[in-house]
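Colleague: I'm new to this one. Can you walk me through it?
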Amino acid sequence: MMQNKKVVGITGGSGTGKSHISSLLRKAGFPVIDADEIAHRCLKNSECIAEITKEFGRDVLTKGIPDRKKLGEIVFSDPKKLEKLGKITHKYILSEIRREILKAESETVFVDGAVLIESGMDCDFMIGIIADKNIRKRRIMDRDGITDEEAQRRISAQQEDGFYREICDFVIENNGGEPDISEIIKRIAK
């Protein structure tokens with residue numbers, strides 16, 4: 001627990017519907033910290049930019065800021081480069097997430113992030129969101145305007161469903177329909 005706060009992670013691969021679950025939790029009155037939003041802000045941090053440029057070159061910059069699409073093309077086809085990017089960015093993202101948790105007025109704070117486990121985020125309870133790969137691929141393509149092949153590369157670069165089933169305290173299969181968050185709320189209240 002971080003200063004008397006219960007930190008609940010919401011994690012899973014791209015296209016599983018973490019954001020949808022998070023929006024339902026927000027509607028229920030819970031604070032949800034979006035790690036992806038924080039990552040966008042951190043990519044504007046001059047120290048983070050310098051580290052990314054040193055590792056990946058100036059070609060990944062657009063208007064002086066790391067371009068997520070350009071970085072994605074590089075890292076989602078090479079696991080070692082994805083790991084290097086994570087080592088650079090995770091420390092900035094986790095530091096900002098911790099600040100946001102401390103500022104939250106609620107005793108229970110949710111953190112939505114694709115790689116919370118891999119980044120070392122300390123959570124009291126972890127919810128894994130999984131979905132069928134074809135559904136994930138369609139969601140990613142629709143959301144990001146990328147090709148089938150690019151979406152498949154992203155999925156292939158991420159953890160399999162078994163990882164979340166093994167590590168998380170609770171798993172939601174989010175293949176469509178309206179997930180029932182009451183079960184999440186009951187589980188974390190214990």
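Modeller: One definition to start: contact means heavy atoms within 4.5 Å. Angles run from 0 to 180 degrees between N-to-C directions. Keep in mind that this is a predicted model.

Colleague: Fine. What does helix H2 lie across?
Modeller: Helix H2, residues 35-42, lies across E2 and strand E5 (108-112). Its angle to E2 is about 40°.

Colleague: And what order do the strands of the sheet come in?
Modeller: The order is E2-E5-E1-E6-E7. That makes 5 strands in an open sheet, with parallel pairing. Strand E2 (32-34) and strand E7 (170-173) are the edges, and each pairs on one side only. On average, neighbouring strands are turned by 20° against each other, direction ignored.

Colleague: How many bridges join E1 to E6?
Modeller: There are 4 bridges between strand E1 (residues 6-11) and strand E6 (residues 125-130). One of the pairs is Thr11 with Gly128 in E6.

Colleague: New topic. Which residues of helix H4 are buried?
Modeller: Leu71, Gly72 and Val75 are buried in H4, which spans residues 68-75. They sit on the same side of H4, because they cover an arc of only 105° around the axis.

Colleague: What covers them?
Modeller: The cover for the buried residues of H4 includes helix H3 (46-56), strand E4 (65-66) and helix H5 (79-103).

Colleague: Which residue caps the N-terminal end of H4?
Modeller: Asp67 does. One of its side-chain oxygens lies 2.9 Å from the backbone nitrogen of Lys69.

Colleague: Now charges. How many salt bridges are there in the whole structure?
Modeller: The search finds 14. Among them, Glu100 and Arg41 meet at 3.5 Å, N to O. Glu100 is in helix H5 and Arg41 in helix H2, 59 residues apart.

Colleague: Is Glu100 buried or partly exposed?
Modeller: Partly exposed, at 22% relative accessible area. Buried would need under 20%. Arg41 is partly exposed too, at 40%.

Colleague: What about Arg99 and Glu96?
Modeller: Their side chains form a salt bridge at 3.0 Å, N to O. Both lie in helix H5, 3 residues apart, about one turn of the helix. Residues three or four places apart in an α-helix point the same way, because there are 3.6 residues a turn. Arg99 is partly exposed at 46%, while Glu96 is buried at 17%.

Colleague: And where does Lys137 lie?
Modeller: Lys137 pairs with Asp148 in a salt bridge, with the closest N and O atoms 3.5 Å apart. Lys137 is in helix H7 (residues 133-144) and Asp148 in helix H8 (residues 148-156), so the pair ties together parts 11 residues apart in sequence. Separately, shared partners join Arg41, Glu96, Arg99, Glu100 and Lys103 into one salt-bridge network.

Technical notes:
Residues numbered from 1 in each chain as written. Predicted model: local features only at pLDDT ≥ 70, side-chain atom pairs only at ≥ 80, totals over all residues. Heavy atoms only, no water. Pairing = 2+ DSSP bridges. Helix = DSSP H or I, 4+ residues; strand = E, 2+ residues; numbered from the N terminus. Buried < 20%, exposed > 50% of the residue type's maximum accessible area, 1.4 Å probe, protein only. Arc of directions from axis to C-beta. Polar contact = N/O pair within 3.5 Å; in protein donor to acceptor, adjacent residues only side chain to side chain. Salt bridge = Lys/Arg side-chain N within 4 Å of Asp/Glu carboxyl O.
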